[in-house]
Amino acid sequence: MSRSEELFERAKAVLPGGVNSPVRAFRAVGGTPFFVAKAEGARLTDVDGKSYVDYVCSWGPLILGHAHPAVLDAIRSAAERGWTYGAPCEAEVELAELVRCRMPAVEMVRFVNSGTEATMAALRLARAATQRDVVLKFEGCYHGHADSFLVKAGSGVATLGLPDSPGVPAALASLTVTLPFNDTLAVEELFRRRGDALAAVIVEPYVGNSGFIAPEAGFHAALRALCDRHGTLLIFDEVMTGFRVGPGGAQERLGVRPDLTTLGKIIGGGMPVGAYGGRPDLMRLVAPEGPVYQAGTLAGNPVAMAAGLATLRQTERVGFYEALERRTARLVAGIVDAARRHAVPVTAGHAGSLWGAYFTAGPVRNFTDAKRSDAALFARWHRATLARGVFLAPSAFEAGFVSSAHTDADIDHTIAQLDAALGDALAG
Ligand SMILES: *Cc1c(COP(=O)(O)O)cnc(C)c1O
């Protein structure tokens, strides 16, 4: 028995499924998850001493790769000054100003501890501001695990093929309406019928939680126009795409200004941080300035703020996003070539360093299309890629990430291994 297998046996007795977040358990691809001993740059090393080129990157936060020296220094020097105060500190103001500078629509911001908290609070605020209750989300989009969003959700919910979660009151779920992503006509039809009941439309501007799905030209502009016409708020959930698909996130890339934005992942540089922000007239409704209550013991934590600041500052280097996108495009092209060589249908894409590949001829416009991909082949491929030292997300319905620590040589090595692994998967 390997050390990872031993740890997983122990874990299963004390942690549900042996993990603290469902997809980590490898249920969709089979096998035992490896337990990590350490990580540096683009690589993870497991407790058995095996090393992997990492394309999960902690599911998004680590745009600089693991243990980046500048972030490590920032965390160290912040921790030396104490790691939580329960009183304001300068780093909170600095990070808020930096976010506003990068995303001008986020004029005011509130920091929380996770993406889940950010979307939950943003929805409460939208409901309070509009005095309406219904929210529209899109099938296969994941907005964290708050009750209102666990309806046709992506990420682990999609990976495990779960119906909507038990424990979510039907009365609450009935306030969440879902439609297929990229289906402008269906959204128009819904607004015609129920526009004055809709508090908010929440969307992952590029879907990254049912694999990678790009928006079609005009989709978000149509959402913006419909929201404006009906007094509904547009929430961009940029927990994954923020500072990932470009310096100003998806809103900059797409040229669409949301009313509210939710952030997480990169904004904390790998520490637990989330944020929601946007129009000041809305944000001024948040307590203590307004009546919409939301609070947090560790919110604005000085160590987490320092990690976020150090991470974002590194991404300001000239050419940072261009280089990342170039390497990601190279990886995706390599995967497409490999699949063609093995006569496996494939649909792949990327935005910035967020990428995904489905084993289907496509096109993949929405979650229904994504589910047509060959998940059984993906599972065999995943096992083969792991054996060859490449760590992809253990699900056909999760996106991949490239960090600035991935070199061209890492990418070329990865393509060769992924190609060979596809041969293994088809043979086995
Ligand atoms: C990861 C994610 C969340 C949830 O963030 P947590 O920090 O895991 O709670 C919400 N929305 C999107 C788009 C995400 O990718």
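I start with the lining of the largest cavity, whose residues divide into 9 nonpolar, 3 polar and 1 charged. Please bear in mind throughout that this is a predicted model. That lining comprises 13 residues. Trp355, Ala357, Phe378, Leu392 and Glu398 are the ones that lie nearest the centre of the cavity. The volume of this cavity is about 120 Å³. A search of the whole structure for cavities of 30 Å³ or more returns 1.

Which elements each supply at least two residues of this lining? They are β12, residues 354–358, and α14, residues 375–387. The largest share comes from β12, with 3 residues.

Two elements give two or more residues to its lining, namely α3 (90–102) and β4 (108–112). With 5 residues, α3 provides the largest share. The lining of this pocket numbers 32 residues in total, and Glu92, Val109, Arg110, Phe111 and Gly300 lie nearest the centre. By class, 18 of the lining residues are nonpolar, 7 are polar and 7 are charged.

I move now to the strands.

Consider strand β5, residues 134–138. Is this strand enclosed or open to the outside? Of its 5 residues, 5 are buried, so β5 is largely enclosed by the rest of the structure. The burial applies to both faces: Val134, Leu136 and Phe138 are buried on one side, and Val135 and Lys137 are buried on the other. As for its partners, β5 runs parallel to β6 (residues 176–179), to which it is joined by 4 bridges. It also pairs in the parallel sense with β7 (residues 198–203), over 3 bridges. Val135 takes part in both pairings: it stands opposite Thr176 in β6, and its bridge partner in β7 is Ala200.

A further sheet deserves attention. It is open, contains 4 strands in the order β1-β2-β3-β13, and has mixed pairing. At its edges stand β1 (36–40) and β13 (390–391); each has a single partner strand, so one side of each is left without a neighbour in the sheet. The pairing of β3, residues 51–54, with β13 is parallel and extends over 2 bridges. Within it, Asp54 stands opposite Phe391 of β13.

One individual residue is also worth a comment. Asp419 belongs to helix α15, which covers residues 408–427. Is Asp419 buried or exposed? With a relative accessible area of 15%, Asp419 falls under the 20% cut-off and is therefore buried. Setting aside residues up to four places away in sequence, Asp419 touches Ala338, Arg341 and His342.

Finally, the protein as a whole. There are 15 helices and 14 strands. The radius of gyration is 21 Å, close to the 22 Å that the globule rule gives for 428 residues, so the protein is as compact as a globular protein of that length. Its C-alpha trace spans about 60 × 55 × 50 Å along the principal axes. Buried residues account for 56% of the 428. Among contacts with a separation of 6 or more, 73% are between residues 24 or more positions apart.

Thank you for your attention.

Conventions
Residues numbered from 1 in each chain as written. Predicted model: local features only at pLDDT ≥ 70, side-chain atom pairs only at ≥ 80, totals over all residues. Heavy atoms only, no water. Pairing = 2+ DSSP bridges. 1 Å grid on protein atoms, 1.4 Å probe; cavity = no way out; pocket = protein on both sides within 12 Å on 5 of 7 lines; lining within 4 Å. Points joined across faces, edges and corners; volume = space filled by probe spheres on them. Nonpolar A, V, L, I, M, F, W, Y, C, P; charged D, E, K, R; others polar. Buried < 20%, exposed > 50% of the residue type's maximum accessible area, 1.4 Å probe, protein only. Contact = heavy atoms within 4.5 Å. Rg over C-alpha atoms; globule rule 2.2 N^0.38 Å.
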